[in-house]
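Colleague: Take me through this model, please. I will keep asking what each label rests on.

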Amino acid sequence: MTTLEIWLLAISLAMDCFTVSITSGIIMRRICWRTFFVMAFFFGLFQAVMPLIGWFAASRFSHLIENYDHWIAFGLLAFLGGRMIKESFSNEDKCCFDPTRLKVVVTLAIATSIDALAIGISFAFVGMNSFTSILSPIVIIGFTSFVISTLGSLIGVFCGKRFNLRMELWGGLVLIIIGGKILTEHLFLS
């Protein structure tokens, strides 16, 4: 793979992180650098580690991972999205879906990085035979996800302040749509 192809791959992998970060920023409606950097760190970390795991496991477990990765991603995103939608209809002023909670961030990071696991498997099949050959792509993928997630959070805050809508409802729908996209791509387009 060329360096340009790796950067394009990294940007495409980061799009789910970007969307989830926008949703989180919309919910927060204020700039909180610590929260944004924690979220971006975990998104970048999981986007970088998952291809490494996929690459490492490709020779032994590829047939198992390929059959279920899309269902796992869909399940996690649909669960979180469903909770957000349910909370949007709650009469309470306080939102229970809290993108500042580490448990929520890690769950989102796992759900949005499952595609990266499959990318790691493909790295093994395109001739990346050593750790040094995969090191540069995983650093690029992690860095790109970190930057794009941070930008997404800032964009979300801007949108959350401008539009006074039921953002938990819209955010939940976005998470379910991302999960549906992942599921559809794996079931019908691959």
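Colleague: What makes the span of helix H1 close to the expected one?

Modeller: H1 covers residues 3–28, 26 residues in total. Its first and last C-alpha atoms are 36 Å apart. A helix here is a DSSP run of H or I with at least four residues; a strand is a run of E with at least two; numbering starts at the N terminus.

Colleague: What is the source of these values?

Modeller: The model is predicted: local features need pLDDT of at least 70, side-chain atom pairs count only at pLDDT 80 or more, and totals for chains, interfaces and linings use all residues. Residues are numbered from 1 along each chain as its sequence is written, and side-chain values use heavy atoms, with hydrogens and water left out.

Colleague: Where does H1 bend, and by how much?

Modeller: At Met 15, by about 35°. That is the angle between axes fitted to the seven residues ending there and the seven starting there.

Colleague: What follows H1?

Modeller: Arg 29. This residue lies in the loop between H1 and H2. Its phi is positive, about 60°, although Arg 29 is not a glycine.

Colleague: Why is Arg 29 called partly exposed?

Modeller: Its relative accessibility is 30%. Buried means under 20% relative accessible area, exposed means over 50%, and partly exposed lies in between (1.4 Å probe, protein chains only). So Arg 29 counts as partly exposed.

Colleague: Is Ser 24 buried or exposed?

Modeller: Buried, because its relative accessibility is 3%. Ser 24 sits in helix H1. It touches Met 39 and Pro 99, leaving out residues up to four places away in sequence. Touching means contact: heavy atoms within 4.5 Å. Ser 24 and Ile 155 are 131 residues apart in sequence, yet their C-alpha atoms are 9.9 Å apart.

Colleague: Why is Gln 47 called buried?

Modeller: Its relative accessible area is 0%, so it counts as buried. Gln 47 belongs to helix H2, residues 33–88.

Colleague: What lies 3.0 Å from a polar atom of the Gln 47 side chain?

Modeller: The backbone oxygen of Thr 112. Beyond residues up to four places away in sequence, Gln 47 touches Leu 13, Cys 17, Thr 112, Ser 113, Ala 116, Ile 141 and Ser 145.

Colleague: What makes a set of residues a nonpolar core?

Modeller: The members are buried Ala, Val, Leu, Ile, Met, Phe, Trp, Tyr and Cys residues, joined through side-chain atoms within 4.5 Å. The largest such core has 17 residues. Leu 9, Leu 13, Phe 123, Ile 134 and Ile 141 have the most contacts inside it. H1, H2, helix H3 (102–125) and helix H4 (131–162) each supply at least two residues. H3 gives the most, with five. A second, separate core of 15 residues includes Val 20, Phe 46, Val 105 and Leu 175.

Colleague: What does Phe 123 touch?

Modeller: Its contacts include Met 1, Leu 9, Pro 51 and Trp 55, not counting residues up to four places away in sequence.

Colleague: How many aromatic pairs are there in the whole structure?

Modeller: Four. Rings of Phe, Tyr and Trp (its six-membered ring) pair if their centres lie within 6.5 Å; planes under 30 degrees apart count as stacked, over 60 as edge-to-face and the rest as tilted. Phe 37 and Phe 146 are 6.0 Å apart, centre to centre, with 10° between the planes, a stacked pair. Phe 37 lies in helix H2 and Phe 146 in helix H4, so the pair ties together parts 109 residues apart in sequence.

Colleague: What makes Phe 41 and Phe 42 edge-to-face?

Modeller: There are 80° between their planes, and the centres are 5.3 Å apart. Phe 41 is partly exposed, at 45% relative accessible area. Phe 42 counts as buried because its relative accessibility is 18%.

Colleague: Which residues form one aromatic cluster?

Modeller: Trp 33, Phe 36, Phe 37 and Phe 146.

Colleague: What does the protein chain come to in secondary structure?

Modeller: Five helices and zero strands. Of its 190 residues, 47% are buried.

Terms used
Expected span 1.5 Å × (residues − 1). Polar contact = N/O pair within 3.5 Å; in protein donor to acceptor, adjacent residues only side chain to side chain.
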